[in-house]
Amino acid sequence: MNRPDGRALDAHRPVEMILGFHRNAEGSVLYRAGRTVVLCTASVDPTVPAWMMGKGGGWLTAEYQMHPRSSPTRREPRDGRGKAPSGRTQEIQRLIGRSLRAAVDLKQLGEQTIAIDCDILEADGGTRTASITAGFVALALALDRLRASGALKGPVLRDQVAAISVGHLPGGLALDLVYTEDSAARVDMNVVATAVGSIVEVQATAEDEAIPRTELDSMIDLALAGVASLASAQHRALADAGVDLSALFQTDHWRVA
(Lines give C-alpha, C1' and ligand atoms only; values in the text may rest on other atoms or scores of the structure.)
Protein backbone atom coordinates (compact mmCIF):
# COMPACT_ATOMS: atom_id res chain seq x y z
CA MET A 1 0.00 0.00 0.00
CA ASN A 2 1.33 3.44 -0.95
CA ARG A 3 0.54 6.09 1.64
CA PRO A 4 0.07 9.72 0.53
CA ASP A 5 3.32 10.81 2.19
CA GLY A 6 5.30 7.65 1.46
CA ARG A 7 5.51 6.37 5.04
CA ALA A 8 5.48 2.75 6.08
CA LEU A 9 2.18 1.59 7.59
CA ASP A 10 3.69 1.41 11.08
CA ALA A 11 5.45 4.80 10.95
CA HIS A 12 4.10 8.02 12.43
CA ARG A 13 4.69 11.36 10.75
CA PRO A 14 7.95 13.24 11.41
CA VAL A 15 7.54 15.35 14.54
CA GLU A 16 9.09 18.77 15.16
CA MET A 17 8.75 20.79 18.35
CA ILE A 18 9.76 24.37 19.11
CA LEU A 19 9.50 24.79 22.87
CA GLY A 20 8.95 28.22 24.39
CA PHE A 21 7.49 29.51 21.13
CA HIS A 22 4.92 31.66 22.91
CA ARG A 23 6.77 34.01 25.25
CA ASN A 24 3.83 35.04 27.46
CA ALA A 25 2.70 31.57 28.52
CA GLU A 26 4.29 29.58 31.35
CA GLY A 27 4.66 26.69 28.91
CA SER A 28 4.34 26.52 25.14
CA VAL A 29 5.24 24.46 22.10
CA LEU A 30 4.77 24.82 18.36
CA TYR A 31 4.21 21.21 17.35
CA ARG A 32 4.32 19.86 13.81
CA ALA A 33 3.36 16.32 12.79
CA GLY A 34 3.68 16.25 9.02
CA ARG A 35 1.27 18.86 7.70
CA THR A 36 -0.68 19.19 10.95
CA VAL A 37 0.57 22.11 13.06
CA VAL A 38 -0.68 23.06 16.52
CA LEU A 39 0.35 25.78 18.96
CA CYS A 40 -0.20 24.67 22.56
CA THR A 41 0.20 26.94 25.57
CA ALA A 42 -0.10 26.20 29.29
CA SER A 43 -1.18 29.17 31.40
CA VAL A 44 -1.17 29.20 35.20
CA ASP A 45 -3.92 30.92 37.15
CA PRO A 46 -3.40 31.15 40.95
CA THR A 47 -7.07 30.36 41.60
CA VAL A 48 -9.42 27.41 41.11
CA PRO A 49 -13.07 27.16 40.06
CA ALA A 50 -15.55 28.08 42.81
CA TRP A 51 -16.57 24.46 43.35
CA MET A 52 -12.93 23.57 44.24
CA MET A 53 -12.12 26.44 46.58
CA GLY A 54 -10.93 25.47 50.03
CA LYS A 55 -10.29 21.83 49.09
CA GLY A 56 -6.54 22.24 48.64
CA GLY A 57 -6.37 20.74 45.17
CA GLY A 58 -5.84 22.22 41.74
CA TRP A 59 -7.47 21.93 38.34
CA LEU A 60 -6.50 21.51 34.70
CA THR A 61 -8.72 22.51 31.81
CA ALA A 62 -8.31 22.69 28.05
CA GLU A 63 -9.61 24.63 25.08
CA TYR A 64 -9.31 23.73 21.40
CA GLN A 65 -9.75 26.00 18.40
CA MET A 66 -9.26 25.71 14.67
CA HIS A 67 -7.51 28.66 13.05
CA PRO A 68 -9.73 30.10 10.30
CA ARG A 69 -7.27 28.91 7.62
CA SER A 70 -6.22 25.62 9.20
CA SER A 71 -8.03 23.97 6.28
CA PRO A 72 -6.46 24.34 2.82
CA THR A 73 -9.84 24.65 1.11
CA ARG A 74 -11.77 27.35 2.94
CA ARG A 75 -11.78 29.83 5.79
CA GLU A 76 -13.81 28.73 8.80
CA PRO A 77 -15.47 31.24 11.17
CA ARG A 78 -13.96 31.29 14.64
CA ASP A 79 -15.96 29.68 17.43
CA GLY A 80 -17.20 32.31 19.86
CA ARG A 81 -17.42 35.12 17.31
CA GLY A 82 -21.03 34.93 16.30
CA LYS A 83 -20.71 31.14 16.35
CA ALA A 84 -21.08 29.00 19.46
CA PRO A 85 -18.47 26.26 19.98
CA SER A 86 -19.45 23.27 17.89
CA GLY A 87 -20.19 19.89 19.42
CA ARG A 88 -16.94 18.63 17.88
CA THR A 89 -14.94 21.43 19.49
CA GLN A 90 -16.46 20.79 22.91
CA GLU A 91 -15.90 17.04 22.63
CA ILE A 92 -12.25 17.45 21.64
CA GLN A 93 -11.38 19.94 24.36
CA ARG A 94 -12.98 17.68 26.95
CA LEU A 95 -10.85 14.81 25.63
CA ILE A 96 -7.69 16.91 25.90
CA GLY A 97 -8.59 17.95 29.45
CA ARG A 98 -9.34 14.38 30.55
CA SER A 99 -6.16 13.07 28.97
CA LEU A 100 -3.86 15.59 30.63
CA ARG A 101 -5.61 15.41 34.01
CA ALA A 102 -4.75 11.70 33.96
CA ALA A 103 -1.09 12.73 34.00
CA VAL A 104 -1.33 15.03 37.04
CA ASP A 105 -1.92 14.52 40.75
CA LEU A 106 -4.21 17.53 41.17
CA LYS A 107 -4.00 17.37 44.98
CA GLN A 108 -0.28 18.14 44.74
CA LEU A 109 -0.86 21.05 42.36
CA GLY A 110 -2.28 23.24 45.11
CA GLU A 111 -5.12 25.71 44.59
CA GLN A 112 -4.18 26.84 41.11
CA THR A 113 -5.45 26.12 37.61
CA ILE A 114 -3.50 25.23 34.48
CA ALA A 115 -5.30 26.05 31.23
CA ILE A 116 -4.11 24.27 28.09
CA ASP A 117 -4.97 26.14 24.89
CA CYS A 118 -4.58 24.24 21.63
CA ASP A 119 -4.81 26.29 18.43
CA ILE A 120 -4.73 24.30 15.20
CA LEU A 121 -2.81 26.35 12.66
CA GLU A 122 -2.81 23.74 9.88
CA ALA A 123 -4.92 20.58 9.77
CA ASP A 124 -4.18 17.36 7.92
CA GLY A 125 -5.71 14.81 10.25
CA GLY A 126 -4.82 13.93 13.84
CA THR A 127 -5.46 17.36 15.33
CA ARG A 128 -6.83 16.03 18.63
CA THR A 129 -3.99 13.55 19.10
CA ALA A 130 -1.39 16.19 18.21
CA SER A 131 -3.04 18.55 20.72
CA ILE A 132 -2.73 15.98 23.51
CA THR A 133 0.89 15.12 22.70
CA ALA A 134 1.86 18.79 22.42
CA GLY A 135 -0.30 19.69 25.42
CA PHE A 136 1.75 17.42 27.67
CA VAL A 137 4.94 19.17 26.60
CA ALA A 138 3.47 22.61 27.33
CA LEU A 139 2.18 21.28 30.67
CA ALA A 140 5.60 19.92 31.65
CA LEU A 141 7.23 23.26 30.83
CA ALA A 142 4.72 25.11 33.02
CA LEU A 143 5.13 22.64 35.88
CA ASP A 144 8.91 22.94 35.68
CA ARG A 145 8.59 26.72 36.03
CA LEU A 146 6.28 26.30 39.01
CA ARG A 147 8.70 23.83 40.61
CA ALA A 148 11.63 26.21 40.14
CA SER A 149 9.65 29.06 41.76
CA GLY A 150 8.64 26.94 44.75
CA ALA A 151 4.93 27.10 43.84
CA LEU A 152 4.39 23.33 43.96
CA LYS A 153 3.82 21.23 47.07
CA GLY A 154 5.95 18.47 45.56
CA PRO A 155 6.26 16.33 42.42
CA VAL A 156 2.91 16.33 40.61
CA LEU A 157 3.21 14.12 37.52
CA ARG A 158 1.90 10.57 37.63
CA ASP A 159 2.31 9.67 33.95
CA GLN A 160 3.73 10.89 30.67
CA VAL A 161 0.89 11.03 28.15
CA ALA A 162 0.74 11.11 24.35
CA ALA A 163 -1.83 10.16 21.70
CA ILE A 164 -1.99 8.87 18.15
CA SER A 165 -4.47 7.54 15.59
CA VAL A 166 -4.64 4.17 13.85
CA GLY A 167 -6.72 3.33 10.81
CA HIS A 168 -8.09 0.12 9.32
CA LEU A 169 -7.36 0.76 5.64
CA PRO A 170 -7.78 -1.46 2.57
CA GLY A 171 -4.03 -2.09 2.55
CA GLY A 172 -3.71 -2.89 6.25
CA LEU A 173 -3.49 -1.18 9.60
CA ALA A 174 -1.86 2.25 9.41
CA LEU A 175 -0.45 4.52 12.11
CA ASP A 176 -1.05 8.28 12.39
CA LEU A 177 -3.53 8.94 9.59
CA VAL A 178 -3.48 11.98 7.35
CA TYR A 179 -6.85 13.43 6.36
CA THR A 180 -7.33 11.47 3.13
CA GLU A 181 -6.63 8.20 4.97
CA ASP A 182 -8.85 9.16 7.88
CA SER A 183 -11.81 9.85 5.58
CA ALA A 184 -11.40 6.48 3.83
CA ALA A 185 -10.73 4.26 6.87
CA ARG A 186 -13.02 1.37 7.71
CA VAL A 187 -12.20 2.10 11.36
CA ASP A 188 -10.47 5.21 12.68
CA MET A 189 -9.16 4.86 16.23
CA ASN A 190 -7.63 7.46 18.56
CA VAL A 191 -5.60 6.12 21.46
CA VAL A 192 -4.37 8.14 24.45
CA ALA A 193 -1.81 6.28 26.53
CA THR A 194 1.22 6.60 28.75
CA ALA A 195 4.87 6.19 27.83
CA VAL A 196 4.91 2.63 29.20
CA GLY A 197 1.67 1.50 27.55
CA SER A 198 -1.12 2.09 30.05
CA ILE A 199 -4.29 3.25 28.29
CA VAL A 200 -6.00 6.51 29.19
CA GLU A 201 -8.73 6.55 26.53
CA VAL A 202 -9.68 4.83 23.28
CA GLN A 203 -12.07 6.28 20.71
CA ALA A 204 -13.03 4.02 17.80
CA THR A 205 -15.97 3.50 15.48
CA ALA A 206 -16.54 1.19 12.52
CA GLU A 207 -17.69 3.38 9.63
CA ASP A 208 -18.76 0.41 7.53
CA GLU A 209 -18.49 -3.32 8.24
CA ALA A 210 -17.68 -4.33 11.81
CA ILE A 211 -14.23 -5.73 12.55
CA PRO A 212 -13.20 -8.75 14.66
CA ARG A 213 -11.86 -8.23 18.18
CA THR A 214 -8.43 -9.53 17.11
CA GLU A 215 -8.05 -6.69 14.62
CA LEU A 216 -9.09 -4.14 17.23
CA ASP A 217 -6.42 -5.53 19.54
CA SER A 218 -3.83 -5.25 16.76
CA MET A 219 -4.81 -1.61 16.22
CA ILE A 220 -4.27 -0.86 19.91
CA ASP A 221 -0.89 -2.61 19.85
CA LEU A 222 0.17 -0.48 16.87
CA ALA A 223 -1.05 2.70 18.61
CA LEU A 224 0.86 1.89 21.80
CA ALA A 225 4.09 1.49 19.80
CA GLY A 226 3.42 4.88 18.25
CA VAL A 227 2.71 6.49 21.64
CA ALA A 228 5.99 5.09 23.01
CA SER A 229 7.87 6.68 20.10
CA LEU A 230 6.13 10.04 20.61
CA ALA A 231 6.85 9.88 24.35
CA SER A 232 10.54 9.48 23.56
CA ALA A 233 10.34 12.55 21.31
CA GLN A 234 8.63 14.50 24.12
CA HIS A 235 11.34 13.45 26.55
CA ARG A 236 14.17 14.47 24.20
CA ALA A 237 12.60 17.86 23.43
CA LEU A 238 12.07 18.64 27.11
CA ALA A 239 15.59 17.52 28.01
CA ASP A 240 17.02 19.74 25.27
CA ALA A 241 15.07 22.63 26.85
CA GLY A 242 16.62 21.89 30.24
CA VAL A 243 13.58 20.17 31.79
CA ASP A 244 14.30 17.12 33.95
CA LEU A 245 11.04 15.17 33.80
CA SER A 246 12.13 12.90 36.64
CA ALA A 247 12.11 15.91 39.00
CA LEU A 248 8.41 16.47 38.24
CA PHE A 249 7.37 12.86 38.72
CA GLN A 250 6.30 11.26 41.93
CA THR A 251 8.93 8.67 42.85
CA ASP A 252 6.64 5.65 42.57
CA HIS A 253 5.41 6.73 39.14
CA TRP A 254 8.61 7.76 37.31
CA ARG A 255 9.07 5.39 34.38
CA VAL A 256 10.17 5.95 30.82
CA ALA A 257 9.57 3.91 27.70
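**Helix pair α3 and α5**

I looked up this pair first, and α3 and α5 are roughly parallel to each other (angles under 35 degrees count as roughly parallel, over 145 as roughly antiparallel, 65 to 115 as roughly perpendicular and the rest as oblique). Before going on, I noted that this is a predicted model, where local features need pLDDT of at least 70, side-chain atom pairs count only at pLDDT 80 or more, and totals for chains, interfaces and linings use all residues. Residues are numbered from 1 along each chain as its sequence is written, and side-chain values use heavy atoms, with hydrogens and water left out.

The axes of α3 (residues 127–149) and α5 (residues 213–240) cross at roughly 30° and come within 10 Å. Axes here are lines fitted to C-alpha atoms, for helices over the stretch in contact, and angles run from 0 to 180 degrees between N-to-C directions. Helices (H or I, at least four residues) and strands (E, at least two) are DSSP runs, numbered from the N terminus.

Next I listed the contacts (heavy atoms within 4.5 Å). From α3, Thr133, Phe136, Val137, Ala140 and Leu141 meet Leu230, Gln234 and Leu238 of α5. By class, that contact has 6 nonpolar, 2 polar and no charged residues (Ala, Val, Leu, Ile, Met, Phe, Trp, Tyr, Cys and Pro count as nonpolar, Asp, Glu, Lys and Arg as charged, and the others, Gly among them, as polar).

I also checked burial (buried is under 20% relative accessible area, exposed over 50%, partly exposed in between, with a 1.4 Å probe and protein chains only). The buried residues of α5 include Leu230, Gln234 and Leu238. After α5 comes Gly242, with a positive phi near 85°.

**Helix pair α1 and α3**

I found that the axes of α1 (residues 87–101) and α3 come within 10 Å and cross at roughly 40°. That makes α1 oblique to α3. Among the α1 residues that meet α3 are Ile92, Leu95 and Ile96. By class, I noted 7 nonpolar, 4 polar and 3 charged residues in this contact.

**Asp176**

Where does Asp176 sit? I found Asp176 in the loop between β7 (172–175) and α4 (179–184). Its phi is near 60°, a positive value in a residue other than glycine. Asp176 is buried, with a relative accessible area of 6%. Not counting residues up to four places away in sequence, Asp176 touches Arg3, Arg7, His12, Arg13, Ile164, Ser165 and Glu181.
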